Amino acid sequence: MTILRDLVVAVGKWTANDGTEKTRWRTIGQMHEGSKGKYITLDPAFNLAAVPLKDGDYRVYVNLFAPKDRSAPSQKTSGDLDPNDEIPF
């Protein structure tokens, strides 16, 4: 199974120390290619109803980004939980 793309949605905005507005992104799944073709997997814990909508629109826009290198250590946010991590208490 090969990961072709990460499925990512914009879940909010934040302001950097230099005053620039940044987008907060959340990976909600991946697009894969396997022996039976292409398919997607989604994070079942993520609620699409929580995604802010564009003014006057009712759809959620999902972006397809090149997959992250998952072999390198990453900076996790509170929304990116790894079930293999140890509980810190």
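Visitor: What makes up the lining of the second largest pocket, by class?
Guide: Seven nonpolar, two polar and three charged residues. Ala, Val, Leu, Ile, Met, Phe, Trp, Tyr, Cys and Pro count as nonpolar, Asp, Glu, Lys and Arg as charged, and the others, Gly among them, as polar. This is a predicted model: local features need pLDDT of at least 70, side-chain atom pairs need 80 or more, and totals for chains, interfaces and linings use all residues. Numbering starts from 1 along each chain as its sequence is written, and side-chain values use heavy atoms, without hydrogens and water.

Visitor: Which strand gives the most to the lining of the second largest pocket?
Guide: Strand E1, residues 2-15, with four residues. A strand is a DSSP run of E, at least two residues, numbered from the N terminus. The chain has four strands and zero helices.

Visitor: Why is the set of Leu7, Val9, Ile28, Phe46 and Val51 called a nonpolar core?
Guide: Because a nonpolar core is a set of buried Ala, Val, Leu, Ile, Met, Phe, Trp, Tyr and Cys residues joined through side-chain atoms within 4.5 Å. Buried means under 20% relative accessible area (1.4 Å probe, protein chains only). Those five residues form the largest such core.

Visitor: What is Val51 in contact with, leaving aside its neighbours within four places in sequence?
Guide: Val9, Ala10, Phe46 and Val60. Contact means heavy atoms within 4.5 Å. Val51 also lines the second largest pocket, as do Val9, Ala10 and Val60.

Visitor: How many of the 89 residues count as buried?
Guide: 15% of them.

Definitions and conventions: On a 1 Å grid over the protein atoms alone, a cavity is a set of points where a 1.4 Å probe fits but cannot get out, and a pocket is an open set with protein on both sides within 12 Å along at least five of seven lines; lining residues have an atom within 4 Å of a point. Buried means under 20% relative accessible area, exposed over 50%, partly exposed in between (1.4 Å probe, protein chains only).
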